[in-house]
Protein chains: 2
Amino acid sequence: MIGDKTEWSKTEKEIARKAFRAAYHRECSDILTTVRKMASEAEDPASLWQIHDFLSKKRKESDEKYDYRYSVLPLVFARLMYEGRLKPEDLEGISEDKLQGIRQFAEFYARS
Amino acid sequence: MIGDKTEWSKTEKEIARKAFRAAYHRECSDILTTVRKMASEAEDPASLWQIHDFLSKKRKESDEKYDYRYSVLPLVFARLMYEGRLKPEDLEGISEDKLQGIRQFAEFYARS
């Protein structure tokens, strides 16, 4: 598994937890903005159920994406960086070797 | 099955289809009003996913409730009458024996 032998210090874990939570809140806030727009524009049953379909898709996606196991966290953070949910400053205080790994994974996402 | 031997004339079918559709639109409109309120008040991920839970419940309920088979239609209309989704005037033109059955079922709902 990715990074499963990497140790995270107590401080790093606190930073990681905060960054993870911030990204998740940003993602949910964006979903909510879309839901508000869809709800304000909906005019018929079909467009009502489109909101449900949208939320089902987003919930499944975010359940899969926001996986807080330290073994996969560098990959999760890389994806969130690539998607703009995390900024470099959110991860300040995390060791350089971990950040380097995260950046490499983020480049991988950018290329794929 | 309830009412499976009852014949519906072409005109009755047209009235029934229109009433059924009107009730479904009213129901969806009420769900949408609640979704808009929930979305405008939501502040965190938990309240976002509550919208999804609410829509999942309502979709399941309405899929079950809006069953347009003539064999069960008197029961469906009775429930919609009892819930205030249908008004007596929506069913004007449907034969008196059918209306009587619908009213009896509606009373059953009111008592249960």
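**View 1. A:Arg59 and B:Asp53 form a salt bridge, with their closest N and O atoms 2.8 Å apart.** A salt bridge here is a side-chain nitrogen of Lys or Arg within 4 Å of a carboxyl oxygen of Asp or Glu. This pair joins two chains, because A:Arg59 lies in helix H2 (residues 45-65) of chain A and B:Asp53 in helix H2 (residues 45-65) of chain B. Helices (H or I, at least four residues) and strands (E, at least two) are DSSP runs, numbered from the N terminus. A:Arg59 is partly exposed, at 22% relative accessibility. B:Asp53 is also partly exposed, with a relative accessible area of 41%. The terms work like this: buried means under 20% relative accessible area, exposed means over 50%, and partly exposed falls in between (1.4 Å probe, protein chains only).

The model is predicted: local features need pLDDT of at least 70, side-chain atom pairs count only at pLDDT 80 or more, and totals for chains, interfaces and linings use all residues. Residues are numbered from 1 along each chain as its sequence is written, chains are lettered from A and ligands numbered from 1 in the order in which they are written, and side-chain values use heavy atoms, with hydrogens and water left out.

**View 2. Chain B and chain A bury about 2,100 Å² between them.** Buried area is the accessible area (1.4 Å probe) that two parts lose on being put together, summed over both. Of this area, 71% is on carbon and sulfur atoms. Which residues of chain B lose the most area to chain A? They are B:Trp49, B:His52 and B:Arg59, together 32% of what that side buries. The contact takes 21 residues from chain B and 21 residues from chain A. Contact means heavy atoms within 4.5 Å.

**View 3. Polar pairs and salt bridges cross between the chains.** There are 2 salt bridges between chain B and chain A. The interface also has 14 residue pairs in polar contact, both residues at pLDDT 80 or more. A polar contact is a pair of N or O atoms within 3.5 Å; within protein, one must be able to donate a hydrogen and the other to accept it, and residues adjacent in sequence count only if both atoms are side-chain atoms. On the side of chain B that touches chain A, the elements giving two or more residues are H1 and H2 of chain B. The largest share, 11 residues, comes from H2(B). By class, that side has 12 nonpolar, 5 polar and 4 charged residues. Ala, Val, Leu, Ile, Met, Phe, Trp, Tyr, Cys and Pro count as nonpolar, Asp, Glu, Lys and Arg as charged, and the others, Gly among them, as polar.

**View 4. B:His52 touches residues of chain A.** B:His52 lies in helix H2 of chain B. Is B:His52 buried or exposed? At 10% relative accessibility, B:His52 counts as buried. Leaving aside neighbours within four places in sequence, B:His52 is in contact with A:His52, A:Leu55, A:Ser56 and A:Arg59.

**View 5. B:Lys37 and B:Glu41 meet in a salt bridge within chain B.** Their side chains come to 3.1 Å, N to O. Both residues lie in helix H1 (residues 10-41) of chain B. They are 4 residues apart, about one turn of the helix. B:Lys37 is exposed, at 51% relative accessibility.

**View 6. B:Glu83 and B:Arg79 meet in a salt bridge of 3.0 Å, N to O.** B:Glu83 is partly exposed, with a relative accessible area of 32%. B:Arg79 is partly exposed too, at 29%. In chain A, salt bridges that share partners join A:Glu27, A:Asp30, A:Lys65, A:Arg79, A:Glu83 and A:Arg85 into one network. The structure holds 28 salt bridges over all chains.

**View 7. B:Pro74 sits in helix H3 (residues 73-82) of chain B.** B:Pro74 counts as buried, at 12% relative accessibility. Leaving aside neighbours within four places in sequence, B:Pro74 is in contact with B:Trp8, B:Ile102 and B:Phe105. B:Pro74 and B:Glu41 are 33 residues apart in sequence and 39 Å apart in space, C-alpha to C-alpha.

**View 8. Confidence along chain A is given as pLDDT.** pLDDT is the predictor's confidence in each residue, from 0 to 100. Chain A averages a pLDDT of 93, and 96% of the residues score at least 70. In chain A, the mean is highest in H2(A), at 98, and lowest in helix H4 (residues 96-111), at 91. For the complex, the predictor gives an ipTM of 0.89 and a pTM of 0.89.
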